[in-house]
Amino acid sequence: MAGWAARLVLLAGAAALASGSQGDREPVYRDCVLKCEEQNCSGGALKHFRSRQPIYMSLAGWTCRDDCKYECMWVTVGLYLQEGHKVPQFHGKWPFSRFLFFQEPASAVASFLNGLASLVMLCRYRTFVPVSSPMYHTCVAFAWLSGR
């Protein structure tokens, strides 16, 4: 029983350490996000946000909250740079400028190419390996699940 309690304490301690990146914990960032959401993400302001949001952004799932986080991230980065500090991470990532709806375009392209390579290899596998092979269905299922 004491072993379980010790594991639970360690798990709770690890969860407390994983409270976010330096930028996420910054009071300026948190206040900015709260104010932005209050001003832009409810009622008529939300309708206005949606009406001026490009269609590709809404199709990609960018919400008003996401936009507030993005804008406030750059406000916080500006303050850090003004005061001579290093740029912090936000949500476990370094800040990147958004291109269309990609905040990390190089990563998105790499992920797309990785998925494409996986699809090509799955097609090759299905072409050359007989369905009667012992692990055929397992490998195909794994390929579909890991590609998502």
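Guide: Let us consider helix α3, which covers residues 27-40 and has 14 residues. From its first C-alpha to its last it reaches 20 Å, close to the 20 Å expected at 1.5 Å a residue; the expected span is 1.5 Å times one less than the number of residues. Helices here are DSSP runs of H or I with at least four residues, strands are runs of E with at least two, and both are numbered from the N terminus. This is a predicted model, in which local features need pLDDT of at least 70 and side-chain atom pairs count only at pLDDT 80 or more, while totals for chains, interfaces and linings use all residues. Residues are numbered from 1 along each chain as its sequence is written, and side-chain values use heavy atoms, with hydrogens and water left out.

The buried residues of α3 are Tyr29, Val33, Cys36 and Glu37. Buried means under 20% relative accessible area, exposed over 50%, and partly exposed in between, with a 1.4 Å probe and protein chains only. Seen down the axis of α3, these buried residues fall within an arc of 95°, so they line one face of the helix; the arc is that of the directions from the helix axis to the C-beta atoms. An α-helix has 3.6 residues a turn, so residues three or four places apart point the same way. The face turned away from the buried side of α3 carries the exposed residues Lys35, Glu38 and Gln39.

What covers the buried residues of α3 includes α2 (22-25) and α6 (64-82), where contact means heavy atoms within 4.5 Å. The axes of α3 and α6 come within 9 Å and cross at roughly 145°. Such axes are lines fitted to C-alpha atoms, for helices over the stretch in contact, and angles run from 0 to 180 degrees between N-to-C directions. Among the residues of α3 that meet α6 are Tyr29, Val33, Cys36 and Glu37, and the residues they meet in α6 include Arg65, Cys68 and Met73. The residues of this contact divide into 10 nonpolar, two polar and three charged. Here Ala, Val, Leu, Ile, Met, Phe, Trp, Tyr, Cys and Pro count as nonpolar, Asp, Glu, Lys and Arg as charged, and the others, Gly among them, as polar.

Glu37 lies in helix α3 and counts as buried because its relative accessibility is 17%. Leaving aside residues up to four places away in sequence, Glu37 touches Ser42, Arg65 and Cys68.
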